[in-house]
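Please read it alongside the sequence and the model.

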Amino acid sequence: RPQETYIRWKFLQDPDEDNKIYAAFDETESRLLAYIIYSFRDNYIEIRDFSVGQHANIASTLMADFLSFVKKTYQPASVVISILNSDSLVKRIKAFGFRPGKSSGNIYFYCNNQLLSQFPKLTSANNWLLMHSDQDT
């Protein structure tokens with residue numbers, strides 16, 4: 001279960017953050033299907049990471065359930081998610097009432113020409129999903 005090991009290491013064992021996980025499991029196979037990593041900060045919820053993997057069909061249900069849960073549990077003034085240029089994802093989260101905020105900056109990366117020739121889509125921001133929690137990578 002590499003995904004679960006990664007989540008534990010990156011988010012749940014971080015001594016500087018109080019991250020929590022909201023997840024969907026396949027109970028018959030006891031495996032993680034999708035998750036949202038979040039934290040409660042100064043009267044708002046920050047979605048730090050999420051994944052639905054190959055289970056895109058549960059994305060809307062997971063987000064709707066999550067938003068209902070955090071509104072009841074924390075009564076936040078807002079829920080924030082920071083993403084960079086993922087048009088399809090932006091379209092989906094707008095359906096839940098998310099609005100764009102001000103953003104600034106660009107992402108710069110280095111890769112050699114051989115890698116770039118193998119993966120030319122690397123240069124298009126629409127092929128990346130970067131979230132605020134990725135700022136340490």
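The chain exposes about 9,700 Å², and carbon and sulfur atoms supply 50% of this area. Accessible areas come from the Shrake-Rupley method with a 1.4 Å probe, and for residues only the protein chains shown count as cover. The model is predicted: local features need pLDDT of at least 70, side-chain atom pairs count only at pLDDT 80 or more, and totals for chains, interfaces and linings use all residues. Residues are numbered from 1 along each chain as its sequence is written, and side-chain values use heavy atoms, with hydrogens and water left out.

Of the 137 residues of the chain, 31% count as buried; the term means under 20% relative accessible area, with exposed over 50% and partly exposed in between (1.4 Å probe, protein chains only). Among contacts (heavy atoms within 4.5 Å) between residues at least 6 apart in sequence, 54% join residues at least 24 apart.

There are 4 helices and 4 strands, in the order α-β-β-β-α-β-α-α along the sequence. Helices (H or I, at least four residues) and strands (E, at least two) are DSSP runs, numbered from the N terminus.

| Pair | Bridges | Direction |
|---|---|---|
| S2 (residues 31-41) and S3 | 7 bridges | antiparallel |
| S3 and S4 (residues 78-81) | 4 bridges | parallel |

The chain passes from S3 through helix H2 (residues 59-74) to S4, and this β-α-β crossover is right-handed. That term applies if, with the strands pointing away from the viewer, the path from the first strand over the helix to the second runs clockwise. In S4, Ser-78 is the bridge partner of Tyr-44. The hairpin of S2 and S3 has 2 residues between the strands, and Asp-42 there takes a positive phi near 35°.

Ser-39 stands opposite Glu-46 in S3. Glu-46 counts as buried because its relative accessibility is 6%. The side chains of Glu-46 and Arg-41 are joined by a polar contact of 2.6 Å. A polar contact is a pair of N or O atoms within 3.5 Å; within protein, one must be able to donate a hydrogen and the other to accept it, and residues adjacent in sequence count only if both atoms are side-chain atoms.

A nonpolar core is a set of buried Ala, Val, Leu, Ile, Met, Phe, Trp, Tyr and Cys residues joined through side-chain atoms within 4.5 Å. The largest one has 20 residues, of which Ile-47, Phe-66 and Phe-98 touch the most other members. Two or more residues each come from S2, S3, H2, S4 and helix H3 (87-94), and H2 gives the largest share, 7 residues. Leaving aside neighbours within four places in sequence, Phe-98 is in contact with Ile-47, Met-63, Leu-67, Val-79, Ile-81 and Ile-93. Another core, of 5 residues, lies apart from the largest one and includes Phe-11, Leu-32, Tyr-35 and Ile-37.

Ile-36 lies in strand S2 and, at 1% relative accessibility, counts as buried. Beyond four places in sequence, the contacts of Ile-36 include Lys-20, Ile-21, Tyr-22, Ile-47, Leu-62, Met-63 and Phe-66. Ala-24 is 12 residues from Ile-36 along the chain, and their C-alpha atoms are separated by 9.1 Å.

Terms used. Pairing = 2+ DSSP bridges.
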